[in-house]
Amino acid sequence: LSADPSAFNLQAVFNGSDGRSPLYYAAGRGHVGVVQLLLERYPLMVGVANKHGTTALSWACFNGQEDVVRCLLARGAKAGVNEPSKAGDRPLTSACARGHLEIAELLLEEGADPSFSDHDGCSPLYRACLSSPKSQDSRHALVKTLLARLKARKGGLQSTIVDKATLEWASAACKGVDEAVAAVATLCLAA
């Protein structure tokens with residue numbers, strides 16, 4: 001790598017044929033110190049994506065690396081919080097697919113849009129309903145959080161791109177475990 005930190009050559013930091021950078025690997029493995037070091041020296045690396053369009057932020061979200069997500073957001077990744085990969089998924093989708101409630105909440109606070117769908121038509125809410133987090137309570141809290149955010153949007157659920165089937169999934173995911181979450185899902189279905 002160049003001795004001049006302002007000289008940023010993307011090709012010089014990529015490993016392998018799919019363009020995964022050291023930042024991508026460090027973010028996915030939770031190595032906050034390495035992420036900080038790389039971003040101090042090469043701040044533009046924060047928005048670099050691999051050949052699939054996946055960023056270090058999305059990879060950290062998928063792998064539940066909350067400290068790394070906080071670091072990346074603080075160092076410029078916030079600008080890409082709603083940027084889709086080539087498959088159309090975003091960091092919020094990645095967090096929801098694995099049931100990472102705290103990371104999803106953090107992304108929502110940073111402006112992540114909960115109403116989009118990827119190229120397969122799957123929303124963060126749908127991914128959350130199918131996730132397998134460490135506990136059922138975590139999944140239910142994640143579903144509840146997403147439903148509340150969707151309902152709170154200007155115009156409520158009518159203004160969002162959430163199909164009835166997804167809301168039914170959300171309702172089914174909550175039944176019998178948390179009456180409050182089921183009540184929210186039922187309210188949204190009636191909206």
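Helix 7 (residues 101-109) supplies the largest share of the lining of the largest pocket, namely three residues. The model described here is predicted, so local features are reported only at pLDDT of at least 70 and side-chain atom pairs only at pLDDT 80 or more, while totals for chains, interfaces and linings use all residues. Residues are numbered from 1 along each chain as its sequence is written, and side-chain values use heavy atoms, with hydrogens and water left out.

The pocket itself holds about 190 Å³ of space. A pocket is here an open set of points on a 1 Å grid over the protein atoms alone, where a 1.4 Å probe fits, with protein on both sides within 12 Å along at least five of seven lines; lining residues have an atom within 4 Å of a point. Points are joined across faces, edges and corners, and the volume is the space filled by probe spheres set on them. The lining comprises 13 residues, and Arg98, Gly99, His100, Glu102 and Lys134 lie nearest the centre. Sorted by class, three lining residues are nonpolar, six polar and four charged. In this scheme Ala, Val, Leu, Ile, Met, Phe, Trp, Tyr, Cys and Pro count as nonpolar, Asp, Glu, Lys and Arg as charged, and the others, Gly among them, as polar.

Turning to the overall fold, the protein chain has eleven helices and zero strands. Helices (H or I, at least four residues) and strands (E, at least two) are DSSP runs, numbered from the N terminus. Of the 191 residues in the chain, 45% are buried, where buried means under 20% relative accessible area, exposed over 50%, and partly exposed in between (1.4 Å probe, protein chains only). Among contacts (heavy atoms within 4.5 Å) between residues at least 6 apart in sequence, 66% join residues at least 24 apart.

The largest nonpolar core has 38 residues, and Leu23, Val35, Val69, Leu72, Leu92, Leu107 and Leu146 have the most contacts inside it. Such a core is a set of buried Ala, Val, Leu, Ile, Met, Phe, Trp, Tyr and Cys residues joined through side-chain atoms within 4.5 Å. Two or more residues of this core come from each of helix 2 (22-29), helix 3 (32-41), helix 4 (56-62), helix 5 (66-74), helix 6 (91-97), helix 7, helix 8 (124-130) and helix 9 (136-152). Helix 7 gives the most to the core, with six residues.

Leaving out residues up to four places away in sequence, Leu72 touches Leu23, Ala27, Val35, Leu39, Val46, Ala56, Leu57, Ala60, Ala77 and Lys78. Leu57 is found in helix 4 and is buried, at 2% relative accessibility. Beyond its neighbours within four places in sequence, Leu57 is in contact with Val69, Leu72, Leu73, Ala77, Val81 and Pro91.

Just after helix 5, Gly76 takes a positive phi of about 115 degrees. Ala77, in the loop between helix 5 and helix 6, is buried at 6% relative accessibility. With neighbours within four places in sequence set aside, Ala77 is in contact with Val46, Leu57 and Leu72. Ala77 and Gly47 are 30 residues apart in sequence, and their C-alpha atoms are 6.2 Å apart.

What of the charged side chains? The structure holds five salt bridges, each a side-chain nitrogen of Lys or Arg within 4 Å of a carboxyl oxygen of Asp or Glu. One of them joins Arg75 and Glu40 (3.7 Å, N to O). Arg75 lies in the loop between helix 5 and helix 6 and Glu40 in helix 3, so this pair ties together parts that are 35 residues apart in sequence. Arg75 is partly exposed at 33% relative accessible area, whereas Glu40 is exposed at 53%. Another salt bridge links Lys78 and Glu110, whose closest N and O atoms are 3.3 Å apart. Because Lys78 lies in the loop between helix 5 and helix 6 and Glu110 in the loop between helix 7 and helix 8, the pair ties together parts that are 32 residues apart in sequence. A further pair, Arg127 and Asp118, meets at 2.7 Å, N to O; Arg127 is partly exposed at 24% relative accessibility, and Asp118 is buried at 8%.
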